[in-house]
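Let's take a friendly walk through a protein model together. Have the sequence and the 3D view open as you read.

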Amino acid sequence: MKLPLVSSMPRPLTLILLLFGMIGTVVLSVGWYFADALVWAPPVRRRIPATRVLGLQGDQQAPDLDARTAQAQAPRLTLTRNPATTRPGVLGLEWDGPAGRQAFAQLGPVLAQTRRTVTRAVQWQEAALAVGQEVRPSTVGLGTPASRGLKYQDVLVPAEHGPMPAWLVPGGPDGEVAGTDWVIVTHGYKGLRQDALRILPAFARLGLSSLTITYRNAHGAPRTPQGVYRLSAEEWEDLEAAVRFAQVQGARRLLLMGFSMGGGITLAFLRYSALAPLISGVVLDSPPLEWRSLIRHFARRYYMRPFARLVEQLTVLKSGQDFDAVDHLSVMDRFQTPMLLFHGSADRTVPVAHVERFAHARPDIVEYHRVEGAEHVRPWNMDPERYEQALTRFVQRVLAD
């Protein structure tokens, strides 16, 4: 007699297990995707939206780069409206001028806008523009230090994983770097050296030689075997190599400046490098100070809060990330170097509350400037003159000390 075939598992239970298996696979895949996005260091390709000059008002002159026309008398440009041209604060423009030479301009904040256009005043420009001219807008930086009227050298800084490309702007009146005070500038996470172009003229006016560096796995820099960011846990060693380079070149006193993760790298250098006592002062613009809370912040921002812990664990698995090593808030009582800190109230990448805990806990060493309405790494754009005045006072004070 044949016995009826009996399933070893009730059908509803099988379906439930399959469902949980599918959910687990999806959860793991999503967590892995975000962990990969956090540490993977791809080449940086910033999208520049198609933009044209749609209108001109006023007499266009090509003033000296340091000249500033009164706002009421400045010529005005009407541009294609897009996410770049509508951003708050100062806007940079680049275009192909006569004989193929790149020309640059700086525009003030938005004066008027429609559904398709944006109008801004010209603060300075290198060449005349025409209606219909294609331009490339940016709120961070375009070109090289030459686009800011600065003479510079392309140099290579010897480091563990190979020579790192850098810009060296001499601070001496005759182009010398030996015997001058130096500032070493570090860009941020998936950033570029161009992010520093807004600040380099201020350092030049102060007589500082500036070295704007890259670091391992950043765009154009040597890659490690893994090709991943360590969120400042290892990148500080490349900043240390830049400090040694400055010493060899005859630097007198040293300052550091970091944008975004470059600020975290600067703080990691102060924590771990034997050369930290050489630093007279640091400038931090929009720095991440602790990455676990930032992962939770982004999980909330993208409505994926349950994934935060998983992303953290998978990041450790993928890159060997040491989150304690980049938790600079946990050791904020140990820092002794004077700091100038800028952060924007509208920063959605590193929330302003993230840095204010540090600023309010260490007023003895931190001079803090909260910039209302500023987005990530864009406090300078909201009021360049005020930003540079604070920068100048700080530099003069710490070097005098």
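## Helix α5 and its start

At the start of α5, a side-chain oxygen of Glu290 comes to within 2.7 Å of the backbone nitrogen of Arg292. Keep in mind, as you look at this contact, that the model is a predicted one. Helix α5 covers residues 291-301, and its buried residues are Trp291, Ser293, Leu294, Ile295, His297 and Ala299.

Is Pro288 buried or exposed? Its relative accessibility is 3%, under the 20% cut-off, so Pro288 counts as buried. Leaving aside residues up to four places away in sequence, Pro288 touches Ser260, Met261, Gly264, Leu294, His328, Val350 and His354.

## The chain as a whole

The chain has nine helices and 14 strands. Of its 401 residues, 53% count as buried. The protein chain exposes about 19,100 Å², and carbon and sulfur atoms supply 55% of that area.

How much of the contacting is done by residues 24 or more positions apart? Among contacts in the protein chain with a separation of 6 or more, such residues account for 76%.

## The largest pocket

Which element gives the largest share of the lining of the largest pocket? That element is α5, with six residues. At least two lining residues each also come from α1 (11-39), β6 (134-138) and α6 (308-319).

The volume of the largest pocket is about 1,600 Å³. Its lining is made of 49 residues, and those nearest its centre are Tyr189, Lys190, Phe298, Thr349 and His376. Sorted by class, the lining of this pocket holds 28 nonpolar, 10 polar and 11 charged residues.

About 120 Å³ of space lies in the largest cavity. The lining of the largest cavity has 17 residues, with Gly92, Leu93, Ser138, Gly141 and Arg148 nearest its centre. Two or more lining residues come from each of the elements β3 (91-96), β4 (102-113) and α8 (379-382). By class, the lining of the largest cavity divides into nine nonpolar, six polar and two charged residues.

Ser138, one of the residues nearest the centre of the largest cavity, is found in strand β6. Ser138 has 11% relative accessibility, so this residue counts as buried. Which backbone nitrogens does its side chain approach? One belongs to Val140, reached by the side chain of Ser138 at 3.2 Å. Another belongs to Gly141, whose backbone nitrogen lies 3.3 Å from a polar atom of the Ser138 side chain. Beyond residues up to four places away in sequence, Ser138 touches Leu91 and Gly92.

## Two positive phi angles

Asn217 lies in the loop between β10 (209-213) and α3 (236-248). The phi of Asn217 is near 75°, a positive value in a residue other than glycine. Asn217 counts as buried because its relative accessibility is 1%.

Val377 sits in the loop between β14 (366-371) and α8. Its phi is near 50°, again a positive value in a residue other than glycine. With a relative accessible area of 11%, Val377 is buried.

## Phe394 in helix α9

Finish your walk at Phe394, which has its place in helix α9 (residues 384-400). Why does Phe394 count as buried? Its relative accessible area is 0%, so Phe394 falls under the 20% cut-off.

What does Phe394 touch, not counting residues up to four places away in sequence? Its contacts are Gly281, Val282, Val283, Pro338, Met339, Leu340 and Glu367. Along the chain, Phe394 and Met339 are 55 residues apart, and a distance of 8.5 Å separates their C-alpha atoms.

Methods
Residues are numbered from 1 along each chain as its sequence is written. This is a predicted model: local features need pLDDT of at least 70, side-chain atom pairs count only at pLDDT 80 or more; totals for chains, interfaces and linings use all residues. Side-chain values use heavy atoms; hydrogens and water are left out. Buried means under 20% relative accessible area, exposed over 50%, partly exposed in between (1.4 Å probe, protein chains only). Helices (H or I, at least four residues) and strands (E, at least two) are DSSP runs, numbered from the N terminus. A polar contact is a pair of N or O atoms within 3.5 Å; within protein, one must be able to donate a hydrogen and the other to accept it, and residues adjacent in sequence count only if both atoms are side-chain atoms. On a 1 Å grid over the protein atoms alone, a cavity is a set of points where a 1.4 Å probe fits but cannot get out, and a pocket is an open set with protein on both sides within 12 Å along at least five of seven lines; lining residues have an atom within 4 Å of a point. Grid points are joined across faces, edges and corners, and a volume is the space filled by probe spheres set on the points. Ala, Val, Leu, Ile, Met, Phe, Trp, Tyr, Cys and Pro count as nonpolar, Asp, Glu, Lys and Arg as charged, and the others, Gly among them, as polar. Contact means heavy atoms within 4.5 Å. Accessible areas come from the Shrake-Rupley method with a 1.4 Å probe; for residues, only the protein chains shown count as cover.
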